[in-house]
Amino acid sequence: MAVKQLSIFVENKEGKLVTITDAISNAKIDIRAMSVADTQDFGIFRLIVTEPEKAKEALESSGCFVSITKVVGVLIPDEPGSLAKVVNILARNNINIEYMYAFITISKKNASVVLRVADNENAEKILTENGVTLLSEKDIIEM
């Protein structure tokens, strides 16, 4: 059930995000979630999009270095302690979270979180066993 995430290496220079967003826009692809991690010289722009393979092709055609990584998407109640529950479940099972980010959905009852872990299948199994709702790519696209 892992979700495909695009990771794009970006020089930290004026106009570089224009190339990325134009390529995705011109390919008629919707961005569902994004995260930018940067340093002084470069950044990693992470995206969840409606058509990851098509987006990858469009970005590569625009000269971008892009890879697809599988991540875990979870749906949690939008209330205090929900994220702590997920993080604690993974910690108790020795699953390290490399990074995570959340994104906005129309529902005000739930929050959506993307988690990058070393073993998606194991994390998904443990989270499901502990009552955490997983998100599929289809779920995210239809949000």
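## Order of secondary structure elements

In this predicted model, the elements of the protein follow the order β-α-β-β-α-β-α-β-β-α-β-α from the N terminus on. The protein has 5 helices and 7 strands. Its radius of gyration is 16 Å, close to the 15 Å that the globule rule gives for 143 residues, so the protein is as compact as a globular protein of that length.

## Dimensions and contacts

Taken along the principal axes, the box filled by the C-alpha atoms of the protein is roughly 45 × 30 × 25 Å. Among contacts in the protein with a separation of 6 or more, 68% join residues 24 or more positions apart.

## Burial, surface and charge

Of the 143 residues of the protein, 39% count as buried. The protein exposes about 8,300 Å², and carbon and sulfur atoms supply 50% of that area.

The protein carries 16 positive and 20 negative charges.

## Residue T69

T69 belongs to strand β4, which covers residues 65–77. The relative accessibility of T69 is 16%; because buried means under 20% relative accessible area, T69 counts as buried.

When residues up to four places away in sequence are not counted, T69 touches V3, K4, Q5, S7 and R116.

Definitions and conventions. Residues numbered from 1 in each chain as written. Predicted model: local features only at pLDDT ≥ 70, side-chain atom pairs only at ≥ 80, totals over all residues. Heavy atoms only, no water. Helix = DSSP H or I, 4+ residues; strand = E, 2+ residues; numbered from the N terminus. Buried < 20%, exposed > 50% of the residue type's maximum accessible area, 1.4 Å probe, protein only. Contact = heavy atoms within 4.5 Å. Rg over C-alpha atoms; globule rule 2.2 N^0.38 Å. Areas by Shrake-Rupley, 256 points an atom, 1.4 Å probe, with all protein chains shown as cover. Lys, Arg positive; Asp, Glu negative; His and termini not counted. Charge placed at Lys NZ, Arg CZ, Asp CG, Glu CD.
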